[in-house]
Amino acid sequence: MPKGRVAKTKLFREFSFIKEKFIKNNYLKLWSLVMRDMTARYNLLDKEMRFMIFIYDLEFFTLDWISAEYEYEKRNVGRRLVYPLLSRGYIYKHFDKLTPSDTREDHIFRDETKYNYRVRYALSQQGRLVVSKFYRKMEGDEPINVHL
């Protein structure tokens with residue numbers, strides 16, 4: 001592939017942008033600045049913010065399912081991500097233990113009874129607001145506040 005032609009007037013510049021017609025999308029350019037702003041403002045770790053972005057489109061989830069999908073050990077998902085976010089109010093228990101009914105049909109046709117029922121977690125309203133603010137900052141609709 002031949003080398004691109006660059007005008008000699010750009011020879012001593014520090015940078016030069018490529019024409020917009022050659023670049024379709026560049027959404028993640030501000031990723032590090034927005035992440036730094038969000039983690040500092042809401043007292044979150046980078047991995048916690050990424051986890052909340054991952055579960056943003058879920059109504060609820062179990063630790064078993066999320067550990068398989070997120071490719072993280074089940075105990076580490078709980079200990080390092082879910083429980084700290086739960087204690088700060090970014091995640092809540094959507095269906096707690098002992099939630100299923102005691103009807104005979106439920107016990108016959110389901111593997112989970114009220115004694116081995118897995119807790120379903122969900123992103124709280126506070127968590128949803130933080131993630132939506134993240135997306136607004138990435139799209140340029142809100143200013144990024146980073147103090148260097």
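Is Lys 133 buried or exposed? At 19% relative accessibility, Lys 133 counts as buried (under 20% relative accessible area; exposed is over 50%, partly exposed in between; 1.4 Å probe, protein chains only). The model is predicted: local features need pLDDT of at least 70, side-chain atom pairs count only at pLDDT 80 or more, and totals for chains, interfaces and linings use all residues. Residues are numbered from 1 along each chain as its sequence is written, and side-chain values use heavy atoms, without hydrogens and water.

Lys 133 sits in helix H6, residues 125-139. Helices (H or I, at least four residues) and strands (E, at least two) are DSSP runs, numbered from the N terminus. Leaving aside residues up to four places away in sequence, Lys 133 touches Met 38, Tyr 42 and Glu 142. Contact here means heavy atoms within 4.5 Å.

Helix H3 spans residues 63-70. Its buried residues are Leu 63, Ile 66, Ser 67 and Tyr 70. Seen down the axis of H3, these fall within an arc of 100 degrees (taken from the directions from the helix axis to the C-beta atoms), so they line one face of the helix. They pack against helix H2 (46-54), helix H4 (74-87) and strand E2 (120-123). Glu 71 follows H3 and has a positive phi, near 55 degrees.

His 94 belongs to strand E1, residues 91-95. His 94 is partly exposed, at 28% relative accessible area. Its C-alpha atom is separated by 6.7 Å from that of Phe 60, 34 residues apart along the chain. Beyond four places in sequence, His 94 touches Phe 60, Arg 120, Tyr 121 and Ala 122.
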